[in-house]
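Here's a quick walk through one protein chain, written for someone who likes to check things against the coordinates. Have a look at the model first.

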Amino acid sequence: VDILGQVASGMQYLEAEKFIHRDLAARNILVGERNCVKVADFGLSRAIGRLRRRRVHGAAAGAKFPIKWTSPEAALLGRFTIKSDVWSFWHRYLRGGHLWPDAIPGMSNTETLQELETGYRMPRPANCSEELYDIMLNCWDETPEERPTFAHLGA
């Protein structure tokens, strides 16, 4: 939970600096001495709102993203915001595993997106409290504006 708080704090900083990460995943979190955590790999990140006051960034045609932990609005519509990063936040908690194939083995990207559109969410992991799972479900809200902020997640 401490590591999650540090990741949320790092993402809160990125949001304040008007950046979206677009590839928040366990593989992009560095853990150093005394479990000091840093968000890394900004290859897909984009500045938002600096010049045009835009808070949404579109994906280029044909862009490749890790669909199975990308928010539905980003995967289906190419709309990336800090709230699409919130959707991806729990990839770290789940130890880097894909969010959805654990529940339905062998699910393709298309099948994953179809399931998400019908309201499917990953069941509560065995080692996860009900309270923490409720937070996860809030992060996976269908409506991006209803998802918590990184400031809330880091608190």
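**Ground rules**

This is a predicted model, so local features need pLDDT of at least 70 and side-chain atom pairs count only at pLDDT 80 or more, while totals for chains, interfaces and linings use all residues. Residues are numbered from 1 along each chain as its sequence is written, and side-chain values use heavy atoms, with hydrogens and water left out.

**Layout**

The chain has six helices and six strands. Both are DSSP runs numbered from the N terminus: H or I over at least four residues for helices, E over at least two for strands. Reading from the N terminus, the order is α-β-β-β-β-β-α-β-α-α-α-α.

How much of the chain is buried? Buried residues account for 45% of the 155 residues. The cut-offs are relative accessible area under 20% for buried and over 50% for exposed, with partly exposed in between (1.4 Å probe, protein chains only). As for contacts (heavy atoms within 4.5 Å), take those between residues at least 6 apart in sequence: 59% of them join residues at least 24 apart.

**Helix α1 and what sits on it**

α1 covers residues 2–16. Its 15 residues should span 21 Å at 1.5 Å a residue, and the end C-alpha atoms are 21 Å apart, which agrees. (The expected span is 1.5 Å times one less than the number of residues.)

Which residues of α1 are buried? They are Leu-4, Gly-5, Val-7, Ala-8, Met-11 and Leu-14. An α-helix has 3.6 residues a turn, so residues three or four places apart point the same way. The cover over the buried residues of α1 includes β1, β2, β3 (37–39), α3 (82–88) and α6 (150–154).

Leu-153 counts as buried because its relative accessibility is 14%. Setting aside neighbours within four places in sequence, Leu-153 is in contact with Ala-8, Val-86, Phe-89, Ile-135, Cys-139 and Pro-148.

Over in helix α5 (residues 130–139) you'll find Met-136, which counts as buried at 0% relative accessibility. Helix α4 (residues 109–117) holds Glu-117, and Glu-117 is exposed, with a relative accessible area of 55%.

| Pair | Distance along the chain | C-alpha separation |
|---|---|---|
| Leu-153 and Gln-12 | 141 residues | 9.1 Å |
| Met-136 and Val-86 | 50 residues | 9.6 Å |
| Glu-117 and Pro-72 | 45 residues | 7.5 Å |

**The cavity**

How many cavities of 30 Å³ or more are there? The count comes to one. Here a cavity is a set of points, on a 1 Å grid over the protein atoms alone, where a 1.4 Å probe fits but cannot get out; lining residues have an atom within 4 Å of a point. Grid points are joined across faces, edges and corners, and the volume is the space filled by probe spheres set on the points.

The largest cavity holds about 70 Å³ of space. Twelve residues line it, and the closest to its centre are Arg-22, Thr-70, Phe-80, Ser-84 and Ser-88. α3 gives the most to this lining, with three residues. Sorted by class, the lining of the largest cavity has five nonpolar, four polar and three charged residues. For the record, Ala, Val, Leu, Ile, Met, Phe, Trp, Tyr, Cys and Pro count as nonpolar, Asp, Glu, Lys and Arg as charged, and the others, Gly among them, as polar.

Asp-23 lies in the loop between β1 (19–20) and β2 (29–31). Is Asp-23 buried or exposed? Asp-23 is buried, because its relative accessible area is 9%. Its side chain makes a polar contact of 2.5 Å with the side chain of Arg-27. A polar contact is a pair of N or O atoms within 3.5 Å; within protein, one must be able to donate a hydrogen and the other to accept it, and residues adjacent in sequence count only if both atoms are side-chain atoms.

Most residues other than glycine have a negative phi. Lys-18, in the loop between α1 and β1, has a positive phi near 65 degrees. Lys-18 is partly exposed, with a relative accessible area of 31%. Asp-41 has a positive phi too, of about 55 degrees, although it is not a glycine. Asp-41 is found in the loop between β3 and β4 (46–47), and is partly exposed at a relative accessible area of 40%.

Notes. On a 1 Å grid over the protein atoms alone, a cavity is a set of points where a 1.4 Å probe fits but cannot get out, and a pocket is an open set with protein on both sides within 12 Å along at least five of seven lines; lining residues have an atom within 4 Å of a point.
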